[in-house]
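Hello,

Here is the structure we talked about passing on.

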Amino acid sequence: MAKGFGTPQSIPTRDATKFMVAFAKCYFQSKGDQDTVREFLASNLTKLDESLLEALPMIFYKLLKNPIFNSKENISAFFIAFGSSIYIFPLGSRKLNLEISITACQVALRSLQRNQFPSEWAAGQTILANGYSDRIQGDRADNIEKAIAAYELALQVHTSDLFPTEWAEIQNNLGLTYSDRIRENRADNIEKAIAAHKLALQVYIRDVFPTEWASAQNGLGNAYLNRIRGDRADNIEKAIAAHELALQVYVHDISQEKWASAQNGLGNTYIDRIRGDRSENIEKAILAYQLALKVHTRDEFPTQWAGIQNNLALAYSDRTLGDRQENIEQTIKAYELSLQIYKSKSFPEHWARVQHNIANTYRDRVQGELTSNLDTAIEIYQQVEQVFTREALPYQWARNQGDWAEALIKQAALTDRNRSLDTAVDMLKGALEVAVPGSPDFIDSQYRLGTALSRRFEQNQDPQDLQQALKAYKTALDAISPEHYDRAKIWQALPTTQSVLGSRLVREGEWQEGLQLLLNSVRLLREGDDPLAHANALYQTARAHETLSDWDNSRLYYRDALRLYDHLKDESGIAKSRHGLGSVLVSQGYLAKGMGELQKALNLYQQIHRPDKVAEVESLLQTVQQAEQHMQKVAV
Amino acid sequence: MTTADDIFDQSQNNIQRLGLKEIPFTESPIDLESETLQRIFTGREAELRQVFNQFQSRERRRILVYGRIGIGKSAFLLEVLSVLRRKRPKMLTTYISLPANLDLATTALLAVAKEMDDDDWAQRYLYQLGIPTSKILKERSSEISASMGLGAKTSEKDLQPVTSQYPTVSLDILLERAQKKYPDGVVIAIDDLDKRNPSEVRQMMHDAQGMLKGDAWFMLTGHPMGITGDLLTSERGLFDLQLKLDELDQPTTYKMLINYLSSARIDNDCTDQGNPRCVLPFTPESAATFCRVSLGKPRLFNRLGNTVLSKAADLEVDLITPEILHEGLKAAAPTLRQQAALSVQEERVRALLMKRGEISDETITFEDLEALGVRSFSDILPLLERLEEADLAHQLDQEDVKAFAPIPLPSSEETEST
C-alpha cells in the first residue's frame with residue numbers, strides 16, 4: 001500500500017520498466033481485453049506503487065529503445081491505454097492508481113501532436129479528464145476544473161459529426177463531472193450535467209448502444225437527484241425513472257458491475273424520494289443497496305462496496321419498519337464496514353462523509369446519555385471540518401455546519417447553554433452564505449436558523465430574534481416542495497412562532513399587528529396535525545384579547561383552548577385555561593361562575609405542583625370573595 | 001286558458017282579499033320612502049332619545065350604532081336622519097352604505113359630495129370617480145398661437161379621472177363649503193361596516209381617527225364582534241355614544257306589526273291596540289304568535305311577514321288564522337334556506353344546531369366539533385353568524401356565553417295532525 005509520495009533520491013526504474021513491458025505484452029496479446037488486463041494487474045498489485053509513478057516519465061524514454069514500440073507516438077498511445085486500464089482497475093490504492101493514470105496520460109500527451117494524431121490526443125485528454133474527475137489527491141475544486149478543461153479539449157477533436165460515439169462518451173463523462181463541480185453556480189452546473197447526459201443520449205440509442213445508453217440514463221438519474229431547479233418531487237421521480245431504465249439494460253447476469261451501480265443509484269433516489277409512502281421508499285432503498293452489494297463485494301470492488309455500506313447505513317438510520325434497536329445496530333455496523341476501506345489518509349473525502357453521517361447518528365440517538373451523545377457528535381463534526389473546509393469543499397462544509405448547529409441546538413435545550421445557541425446561529429448564517437438557495441441544505445439551514453433564533457428568544461426575549469426566526473421559517477416554507485414530508489414540520493413551526501411573536505407584540509402595545517399574527521397562527525394551526533400547538537395558539541389569542549379588554553373574544557378563545565387541552569389531557573393547559581376563563585368571567589361580573597373556574601384551576605395547579613400559580617389564583621379568589629361580600633352588604 | 005295578465009290580476013286580487021294594497025314587508029329599509037319609514041318605524045324610544053340628546057350639543061358628535069345583523073341598525077339610522085331633515089332643515093344629512101374597497105374618509109367624501117348638487121368641486125370629484133353627475137364636466141384649456149401673435153384658441157377636453165390622494169383634507173374642504181349652505185352642520189351616516197371583516201373594520205377606524213375628529217357629525221353602524229374593547233371606551237376611543245340595539249320586546253314588535261299593516265291596509269288604518277282590527281288580516285292570536293316567532297328581530301320579522309302573506313295570498317284566504325300562519329311559517333324555513341344558499345359546511349352546522357336545539361361555546365363538545373371537522377368553536381362561529389344573517393339561527397341573549405339556537409319555525413316536514 002502507498003505510504004505517501006516522497007521523492008526518492010535516485011529513481012530505480014528497472015523494475016518499473018520491466019513491469020510496463022510485461023503489461024504491454026499482455027495488452028497487445030489480449031488486444032486490450034479488460035478481463036485479461038485486470039487479472040494481470042491484480043497479480044502484479046505490488047508493482048503499482050510510488051516508484052512506478054515516479055518512474056513513468058523515464059520509462060517513456062526507455063521504451064523508445066524497445067522493439068515493441070516504433071515511435072514515441074506509439075508509446076504515447078500505449079501510455080494512454082495503460083492510463084485507461086489503471087483508471088478502471090478496482091484493486092490496490094485508488095488514490096495511487098488515479099495518480100498513475102493521470103501521470104501516464106500527461107506524459108503521453110507531451111509527446112503526442114494534436115494535429116498529427118488528433119483522435120489519440122483527444123482520447124488521452126479524455127482519460128486524463130477521467131482521472132482528474134475522480135482524483136483524491138490535491139484540491140478537489142481544481143481537479144474538477146482540470147477535468148472539465150480536458151474534456152472540452154477532447155470535444156474539440158471528437159466532434160459529434162466526426163466521432164459521434166467518442167463525443168457521446170465525453171458528454172456523458174462531462175455530465176458526471178458537472179454534477180460534482182464545486183466552482184461556479186451549483187444550480188447551473190447541474191443543468192449543464194443534465195444537458196450533457198441528454199446530448200449523449202442523442203447518440204446512444206438504446207437498440208444500438210444499450211450499455212452506453214444505460215450509462216447515460218444512470219448519469220441522468222444522478223443529475224436529477226442533485227437538481228436544484230424545478231420541482232424537487234418531480235426531479236426525484238425523473239431520477240428513479242432514469243435508473244430503472246438503466247436497469248432494464250443492465251441485467252444482472254450480463255453487465256454485473258453496471259447493474260450494481262444502477263442499483264446503488266436507484267437506492268439513492270429512493271432515500272430522498274418525496275412521493276409515495278416514506279417507509280416503503282426506505283425499504284426499496286435498502287433492497288437496492290443489498291442487491292448492489294452482491295456484485296460490489298469487498299474483495300472485488302472495495303471502494304464501491306464501502307460507498308454502498310455508507311448508503312445502507314443512511315437507509316437503516318431512517319428506517320421506520322422493523323425493530324428500532326436492530327435498525328440502529330445495522331446502521332452502526334454498516335458505517336464501521338465502510339470505514340474499513342475509507343481511511344482518512346487514502347480516502348479523506350469519503351472518510352469525512354462517513355464520519356459526518358456517524359455524527360448525525362449520535363446527534364439523533366435517543367439511547368444512552370443524551371448529552372454524552374451530543375458531545376460525541378460535536379467532536380466528530382469538528383474532525384470532519386478539518387477535511388470539509390469552506391475553501392476546498394464548500395457544500396460539504398455548509399452541510400456539516402448545519403448538522404453541527406442542530407447538535408448545538410439540542411445541546412442548548414438540555415443544558416441551557418446560551419452560547420451553544422449563539423454559535424449555532426452564527427454557523428447557520430455562515431452555511432447559508434454558501435448553500436445554494438432552494439437546495440435541500442438551504443431549506444434545512446433556514447429551518448434550523450428559525451429554531452435556533454426562537455429558542456434564543458425564549459431566553460433573551462429579544463423580539464428581533466423572533467422576527468428573524470419568522471423570516472427564516474417563511475423562506476424555508478417558500479423553498480420546500482409542497483409535497484415534501486418535512487413540509488409539515490416547518491409549516492407548523494411558522495404559526496407557532498407567529499403565535500409567540502403575536503402575544504409578545506400585544507403585550508408591548510402593538511396590538512393590531514400582534515393580534516393579526518395570533519389569528520393567522522390559529523388559522524394555520526387549525527388545519528395542521530399538531531393539536532397541542534393549536535391549543536397553545538388559542539390560549540395565546542385568548543390572553544391577547546384579555547389584554548385588550550375584549551372579554552367576549554377572550555372568553556371564547558379560553559373555552560376553545562380549554563376544550564382542546566381537555567381532549568389532549570394536558571393538565572397544565574387545562575389549568576391555565578380555567579384560570580384565564582375564571583379571571584375574565586369575574587371581570588365581567590359573573591362572580592359565581594368565575595370563581596367556579598378559578599377553583600377548578602386552583603385544584604389542578606395543586607395537583608401538578610405549581611405553587612406559584614396556586615398562590616396567584618388563591619389571591620385572586622380572595623379578592624373576588626371580598627368583592628362579593630361587599631356587594632352583598634351594599635345590596636342589603 | 002289563463003293568460004299572464006290574468007295571473008297578474010289574480011295575484012293582485014289575492015293580496016287585496018287580505019285587505020292590503022301591497023305586502024308591506026321589505027328586506028331592507030333603504031327601499032322605503034321616508035314617509036313610509038316614518039309610519040312603520042316603531043320603538044327604540046330610549047335609543048332615539050340618547051341620539052337626539054347628542055344633537056342638542058353645539059359640538060360635533062360621533063355616534064356608533066351596533067348590534068347583530070338584522071336588528072334594525074339601518075332603519076334606525078334612516079329614521080334619525082329623516083327626523084333631522086324635518087327638524088333641522090339647515091342641517092345637511094347624508095347617508096351611504098360603505099362601498100367595498102373604500103376607506104372611511106373617501107366614503108364620507110362621497111356621501112357629502114352626492115348631496116351637493118350645486119357645488120362644482122363636489123360634482124367634479126364625483127365625476128372623477130366615475131359617478132354620474134348632472135353636468136358633464138369639461139376642462140377649459142387655452143392655446144396661444146405664437147405665430148398669430150395676439151391670436152388665441154380655446155378648446156375643451158373631457159376631464160381625466162383622478163382619485164383623491166388626501167381624502168381627509170378634501171373632506172374638510174368640502175365640509176367647509178357645505179357649512180356655508182348648511183349652518184347647522186353636516187351629518188354623515190355610514191352604514192354596513194358590519195359587512196366587512198372585523199379586523200379590516202378595526203384598521204379602518206384606526207386610520208379614520210383624523211376624519212372622525214373633524215367638522216361633521218358622524219353616525220356609523222357596526223358589528224359587536226368587530227369592535228374591540230379598546231375602541232368602545234369613550235375616553236380613549238373615538239365615539240361619544242356607543243349605542244347597542246337589542247331585539248325588540250314583544251309589545252313593541254306587536255306595535256310594529258300594527259304599524260306595518262296599517263300602512264298597507266286598503267280601508268282601515270286602525271292602530272288601536274285594543275281593537276282586533278288593528279292587526280288585520282291577522283287575528284290577534286296569530287299576530288301574537290307571529291311576533292313571538294320573529295324574536296324581535298326586524299329583518300326576520302320582515303322576511304317571515306313576506307312569506308306568511310304570500311302563502312296566505314296563495315291560499316286565497318282573507319284572514320290569517322293560526323292555522324294559516326302555521327302554513328306560512330312552515331313555508332318560511334325552506335324559503336330562508338334556499339335564499340341563504342348555504343355551503344356544505346354551513347349546512348352541517350345548521351343540522352347540528354337543529355339536532356342540539358342550542359349550541360354555545362360553553363356546552364359544545366369536542367366530539368361535536370370533530371364531527372364538523374374542526375377543533376374549536378371559534379372555527380364555526382363565522383358559520384353560525386352566517387346562519388344568523390340568513391335568519392336560520394339567532395343568538396341567545398346570554399352575556400357570559402356565545403349561544404345560538406334555531407329560529408323556532410315549524411318544520412316543513414310536519415304533517416297535519418288529525
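This is a predicted model: local features need pLDDT of at least 70, side-chain atom pairs count only at pLDDT 80 or more; totals for chains, interfaces and linings use all residues.

Residues are numbered from 1 along each chain as its sequence is written, chains are lettered from A and ligands numbered from 1 in the order in which they are written, and side-chain values use heavy atoms, with hydrogens and water left out.

**Where the chains meet**

Contact (heavy atoms within 4.5 Å) involves 25 residues of chain B and 29 residues of chain A. About 2,300 Å² is buried between the two chains, and carbon and sulfur atoms give 47% of it. Buried area here is the accessible area (1.4 Å probe) that two parts lose on being put together, summed over both. B:Phe366, B:Arg375 and B:Asp400 supply 30% of what chain B buries against chain A, more than any other three residues.

There are 5 salt bridges between chain B and chain A; a salt bridge is a side-chain nitrogen of Lys or Arg within 4 Å of a carboxyl oxygen of Asp or Glu. A:Arg559 and B:Glu362 form a salt bridge, with their closest N and O atoms 3.6 Å apart.

**Helix 3 of chain B**

Helices (H or I, at least four residues) and strands (E, at least two) are DSSP runs, numbered from the N terminus. In helix 3 of chain B (residues 45–54), the buried residues are B:Glu47, B:Leu48, B:Val51 and B:Gln54. Seen down the helix axis, they fall within an arc of 115 degrees, so they line one face; the arc is that of the directions from the axis to the C-beta atoms. B:Glu45 and B:Arg49, on the other side, are exposed. Buried means under 20% relative accessible area, exposed over 50%, and partly exposed in between (1.4 Å probe, protein chains only).

**Salt bridges within a chain**

Side chains of opposite charge can pair when their charged atoms come close. Over all chains, the whole structure has 55 salt bridges.

In chain A, A:Arg448 pairs with A:Glu406 at 2.6 Å between the closest N and O atoms. A:Arg448 lies in helix 20 and A:Glu406 in helix 18, so the pair ties together parts 42 residues apart in sequence. A:Arg448 is buried, at 10% relative accessibility.

In chain B, B:Arg356 and B:Asp368 form a salt bridge, also with a closest N and O distance of 2.6 Å. B:Arg356 is partly exposed at 41%, whereas B:Asp368 is buried at 10%.

Regards
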